[in-house]
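Hi,

Here is the structure you asked about.

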Amino acid sequence: MPHGPREAAGGLLQLSAIVGFRCVRCDTLHTTKEFPKEGEIYNCPSCSGNLQVVYDYDAVKHSLKKGLMKGGPEIGIWRYMPFLPVEENCRRSVLQVGCTPLYRADELAARLGLRSLYVKDDGKNPSCSSKDRASAVVLARAAGIGSDTICCASTGNAASSLACLAAPLGLRTVIFVPKKAPQAKLVQLLVYGATVFAVEGDYDDAFDLVVEVSKEFGWYNRNTGYNPFTREGKKTAAFEICEQLAVQEGEKTPFAVPDAVFVPAGDGNLISGVFKGFCDLFETGLISRLPRLMGCQAQGSDSITKAFRTDDVVRPSAGRTVADSIAVRLPRDGDAAVAALSGSGGDSIAVSDDAILKAVVGLARCTGVFAEPAGAVTLACLKEAIKRGEVGKTDSVVLLASGNGLKDVDAAKKAVGKPAIIEPTLDAVKRHLRR
Ligand SMILES: [Zn+2]
């Protein structure tokens, strides 16, 4: 039977394959013995940098021998349990997170002159975004150490994801979003029963407030790019891409590697997470090379692109773009994102809001996937990469569409016309069609 929070209170989750946490900034390895048995340590005790979970890959390989892919009802991210930082019998959300479709996009590929193009539709997750992968793992972790209140700052998606997945677990969520967050995301939060604070400020203001609040009240902090376990959830997208690509391309091996993966970049946590996933597969011998990761940003929120193309130092940008999910002034997981781009031999591209809105429409009309602007930015950046010669005709490419378009219809409305208003007569239809 799964553990309830009270049963687990006071005892650290049994993380058999985890040897510690490595600081993304100063590279110090902190072993699990250095950490308290209760509560959570979010940052490097030496320099306050973000932490990366470090696994004993021999132990993971040992678990893999016992069966990586769980059959039966396990069709979500929990299939990859040997790679996850939770106990096998942990208390976890019953909703299906992950195993989202990887669609072959032949029509779009033909238009772009590519051999092989896929769209990973992560808007098919329970709360309609990639953030569910992170929330699922973080909630299992929080429940495991006996936390009953989880808080986070969010541009909208991380929060609605947390509230959605926490609801069936009976856990309380306290959310801080910028006052300007899209209505659909705010309503999602309230529907799921979260305590919601709309902060008079932007995402960065909300983020800093949550760090203070979580310390004051002892609440578990899910902040993206702060809690090291968000990355561990997001990495499952990489596992799925390789597994699904192998099937789609008719490979004999269970995992296949694309040449390039285009990933939206706001905080940088999705890039660093996806990279961690590919590295996990590589380190355990399940794949033999890494794909190039391409960071996809808006020009008004381009800190990671600027850092990657200059001195690797992440500095604040204006943080303004129509793609609200990637509108951040200071990427909280920027260091790890830049390291992932370098480590994969990739690049980072920033495009205009106009190009992003066109991509929302282009993606929908060629693939049937209606992504929010932060998901469609991947198509806009792919076009730019082709122009620059960074993606060739024979490359196999995956676009990670991180969120559903219905989350922000106001943005999509800017890119499409209005319906024709007509009288309910056949003549009116004919008149309109003649125009
Ligand atoms: Zn450090």
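Buried here means under 20% relative accessible area, exposed over 50%, and partly exposed in between (1.4 Å probe, protein chains only). The model is predicted: local features need pLDDT of at least 70, side-chain atom pairs count only at pLDDT 80 or more, and totals for chains, interfaces and linings use all residues. Residues are numbered from 1 along each chain as its sequence is written, and side-chain values use heavy atoms, with hydrogens and water left out.

**Zinc site**

Cys23, Cys26, Cys44 and Cys47 coordinate the zinc ion through their SG atoms, at 2.2 to 2.3 Å. Donors are N, O and S atoms within 2.8 Å of the metal (3.2 Å for Na, K and Ca); water is not among the atoms, so sites may look incomplete. The spacing of the donors along the chain is C-x2-C-x17-C-x2-C. Cysteine 23 sits in strand β1 (residues 18-23) and cysteine 44 in the loop between β2 (29-31) and β3 (51-55), so the pair ties together parts 21 residues apart in sequence. Strands are DSSP runs of E, at least two residues, and helices runs of H or I, at least four, numbered from the N terminus. Cysteine 23 is buried, at 2% relative accessible area. Cysteine 44 is buried too, at 3%.

**Pocket lining**

The lining of the largest pocket divides into 13 nonpolar, 5 polar and 12 charged residues. Nonpolar covers Ala, Val, Leu, Ile, Met, Phe, Trp, Tyr, Cys and Pro; charged covers Asp, Glu, Lys and Arg; the others, Gly among them, are polar. Helix α15 gives the largest share of that lining, 3 residues.

Best wishes
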